[in-house]
Amino acid sequence: MADTTVPQGATGDAPVKHAEGAHSEGVSAPSLDACSVALPAHPGVVTLSRLVDCLAPLRAAGKRIVFTNGCYDIVHPGHVDLLARARAEGDLLVLGLNSDESVRRQGKGADRPVNPFEVRAFVLAHLASVDFVVRFDEDTPYELIKAVRPHVLVKGGDWAIDRIVGRDIVEGDGGRVLSLPLLPGFSTTALIERIRTTHP
């Protein structure tokens, strides 16, 4: 019998559980050069088609869907804090995660991402605040937001509201777009530079 438990926060005390049969289609990790292990699939790492199917009954039940996105190359406290506060704006959080190809086009450096998509998605899916992780290959998550139709769209405070991609979609649906303050002192780029300086 399918597990119908809704994500954490939807009832106030239910743990995150995904429907029976949910799986990370196409994203179970092969052997990774970085750690030479194969990561197990996580039910919260889903394809877009699977995500849409999972969200439909939750939306029908009146659950508020929050969406955010990013590269999340090396997860740090600033990321964890932002995701927790984003999740608090609704009943479940969908995280759009840049594919490796998309990260490379962001101009962050030839050696980015440090962690491949499979590793980044695996770590993020295990955070209590994150209900679903879905990959996008485009430079922006606009088409993904158009498909997800979240009630709340969240980005970090380094993004002005008028620059947040997908604002027109969410506000057009009557939803909210938020730019939440970042936890100071944390940056993936700064962390990588510190590692390079300390361990040349």
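Two strands are counted as paired if DSSP finds at least two bridges between them. In this predicted model, pairing of that kind gives an open sheet of six strands in the order S1-S4-S3-S2-S5-S6, with parallel pairing. The edge strands are S1 and S6 (176–180), each of which pairs on one side only.

**Overall architecture**

The protein chain contains seven helices and six strands. Read from the N terminus, its elements follow the pattern β-α-β-α-β-α-α-β-α-β-α-β-α. Of its 200 residues, 44% count as buried. Among contacts with a separation of 6 or more, 69% are between residues 24 or more positions apart.

**The sheet and its helices**

S1 and S4 run parallel and are joined by two bridges. Val 46 stands opposite Val 134 of S4. Helix H1 packs on the sheet, where it touches S1, S2 (65–70), S3 and S4. The direction of H1 makes about 140° with that of S4. Helix H2 also packs on the sheet, in contact with S2, S3, S5 (152–156) and S6. For H2, the direction makes about 135° with that of S3.

Leu 58 belongs to H1, which spans residues 48–60. With a relative accessibility of 9%, Leu 58 falls under the 20% limit and therefore counts as buried. The C-alpha atoms of Leu 58 and Asp 91 are 9.3 Å apart in space, while the two residues are 33 residues apart in sequence.

**Helix H4**

H4 covers residues 117–125, and seven of its nine residues are buried, so this helix is largely enclosed by the rest of the structure. The buried residues are Phe 117, Glu 118, Val 119, Arg 120, Ala 121, Leu 124 and Ala 125. They pack against strands S1 (45–46), S3 (92–98) and S4 (132–136), and against helices H2 (77–87) and H3 (100–104). Phe 117 also has a charged group over its ring: the charged end of Arg 135 sits there, 4.5 Å from the ring centre.

**Asp 73 and side-chain contacts**

Asp 73 lies in the loop between S2 and H2. Its relative accessible area is 4%, so Asp 73 is buried. The side chain of Asp 73 makes a polar contact with the side chain of Arg 112 and also reaches the backbone nitrogen of Val 114. A search of the whole structure finds zero aromatic pairs. Arg 163, however, lies over the face of Trp 159.

| Residues | Kind of contact | Distance |
|---|---|---|
| Asp 73, Arg 112 | polar, side chain to side chain | 2.6 Å |
| Asp 73, Val 114 | side chain to backbone nitrogen | 2.7 Å |
| Arg 135, Phe 117 | charged end over ring, to ring centre | 4.5 Å |
| Arg 163, Trp 159 | over ring face, to ring centre | 4.6 Å |

Leu 182 is in the loop between S6 and helix H7 (188–198). Is Leu 182 buried or partly exposed? Its relative accessibility is 42%, so Leu 182 counts as partly exposed. Leaving aside residues up to four places away in sequence, Leu 182 touches Leu 82, Arg 85, Gly 156, Gly 157 and Asp 158. The C-alpha atoms of Leu 182 and Asp 81 are separated by 8.1 Å, although these residues are 101 residues apart along the chain.

Note on methods:
Residues are numbered from 1 along each chain as its sequence is written. This is a predicted model: local features need pLDDT of at least 70, side-chain atom pairs count only at pLDDT 80 or more; totals for chains, interfaces and linings use all residues. Side-chain values use heavy atoms; hydrogens and water are left out. Rings of Phe, Tyr and Trp (its six-membered ring) pair if their centres lie within 6.5 Å; planes under 30 degrees apart count as stacked, over 60 as edge-to-face and the rest as tilted. A charge sits over a ring if NZ of Lys or CZ of Arg is within 6 Å of the ring centre and within 35 degrees of the ring normal. Helices (H or I, at least four residues) and strands (E, at least two) are DSSP runs, numbered from the N terminus. Buried means under 20% relative accessible area, exposed over 50%, partly exposed in between (1.4 Å probe, protein chains only). Contact means heavy atoms within 4.5 Å. Axes are lines fitted to C-alpha atoms, for helices over the stretch in contact, and angles run from 0 to 180 degrees between N-to-C directions. A polar contact is a pair of N or O atoms within 3.5 Å; within protein, one must be able to donate a hydrogen and the other to accept it, and residues adjacent in sequence count only if both atoms are side-chain atoms.
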